[in-house]
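Take a look at the model below.

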Amino acid sequence: MKKISLLVASLLLLLMVMPLTANADSFDQVMQRWTKKQLFQSDMDGNLTVKVIYYSAEYMEAYIQSEAKKNLWTESETEDFKYKFLSALNLNETIPIYIEFVNNGPTMHPGPFDNMVSLRIKNKTYKPIEYDKRFNFGFQGQKDGLVFFPRYDVKTGKDLLEGVKSVRLEFKPAISPILDGKAPFYIWDIAKDDPDKLYQGSTAARMETDRLIKRLERLRKDKADEESKLASINSEIATIQARLDELAKQ
């Protein structure tokens, strides 16, 4: 999978947390449904606030429609913005989650970060396939960024969220001494989310086309690899059979 552009992702993140002048109440209500926040305190070490946002279809659609109304976009302009927006987040292949730490305590050392956070879907946990590399370095104060988890099964291409009622983001206690062995986790009820509201119109067709093309490329590569292995096996079989034929004539 191609690397996520952290610059583009940062710009998108900035847009999504900016105050909105239109539909502010509506967007704020949606944001609250998909935002989780927890405060951890230690009498000796200070405190740590962890805030996470699941980029649900409802959350992103509310943002897109708010921007469209604010900028007086036509339907075509809105669809074009949606396609570029979702493509920049690589939503075709990933489940993006925003993570923010406010560390008012000892220096945190959460790297390598892909070993410190995981997303549980049903009974399986998945590591990030890409994330803001700044999370790998020790820090105090605030640090935030996007983390991307796989959306599709690598082998089957099946959507990991299909038929799923909830997902759970999990951190290891080692991200901060303030946690004192506690393992923070956050659960979202995604059964209440409605992806159909996001994937409509020309955007749906364009993104599905992109995903299928990438899947087809992977399958063709797998096919070529398997054919190469089969050719090697057939060649060895032919060599062995030829030698057996020679021995039989002796």
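**A helix pair and a strand residue**

Helix 3 and helix 4 cross in a right-handed sense. Bear in mind that this is a predicted model. The contact draws on both helices: helix 3 supplies M60, E61, Y63, I64, Q65, E67 and A68, while helix 4 supplies T78, F81, K82, F85 and L86. Sorted by class, seven of these contact residues are nonpolar, two are polar and three are charged.

Now the geometry. Two packed helices are described by the angle between their axes and by the distance between those axes. Here, helix 3 covers residues 57-71 and helix 4 covers residues 75-88. They pack at an angle of about 140°, and their axes lie 10 Å apart. Helix 3 is therefore oblique to helix 4. The cut-off matters here: only angles over 145 degrees count as roughly antiparallel.

Take helix 3 by itself. It has 15 residues, so at 1.5 Å a residue it should span 21 Å. The C-alpha atoms at its ends are 21 Å apart, in agreement with that expectation. Its buried residues are A57, Y59, M60, E61, A62, Y63, I64, S66, E67 and A68. After helix 3 comes L72, with a positive phi near 55°.

Helix 4 can be read the same way. It has 14 residues. From first C-alpha to last it reaches 20 Å, close to the 20 Å expected at 1.5 Å a residue. Buried in helix 4 are T78, E79, F81, K82, Y83, F85 and L86.

Next, move to strand 4, residues 117-121, where S118 sits. Is S118 buried or exposed? Its relative accessibility is 15%, so S118 counts as buried; the cut-off for buried is under 20%. Which residues does S118 touch, leaving out those up to four places away in sequence? They are T125, Y126, F149, R168, L169 and E170. V147 is 29 residues from S118 along the chain, and their C-alpha atoms are separated by 9.8 Å.

Finally, step back to the whole protein chain. Its secondary structure comes to six helices and nine strands. Of its 250 residues, 40% are buried. Contacts across the sequence come last. Among those between residues at least 6 apart in sequence, 70% join residues at least 24 apart.

Note on methods
Residues are numbered from 1 along each chain as its sequence is written. This is a predicted model: local features need pLDDT of at least 70, side-chain atom pairs count only at pLDDT 80 or more; totals for chains, interfaces and linings use all residues. Side-chain values use heavy atoms; hydrogens and water are left out. Axes are lines fitted to C-alpha atoms, for helices over the stretch in contact, and angles run from 0 to 180 degrees between N-to-C directions. Helices (H or I, at least four residues) and strands (E, at least two) are DSSP runs, numbered from the N terminus. Angles under 35 degrees count as roughly parallel, over 145 as roughly antiparallel, 65 to 115 as roughly perpendicular and the rest as oblique. A crossing is left-handed if the near helix is turned anticlockwise from the far one by less than a right angle, and right-handed if clockwise. Contact means heavy atoms within 4.5 Å. Ala, Val, Leu, Ile, Met, Phe, Trp, Tyr, Cys and Pro count as nonpolar, Asp, Glu, Lys and Arg as charged, and the others, Gly among them, as polar. The expected span of a helix is 1.5 Å times one less than its number of residues. Buried means under 20% relative accessible area, exposed over 50%, partly exposed in between (1.4 Å probe, protein chains only).
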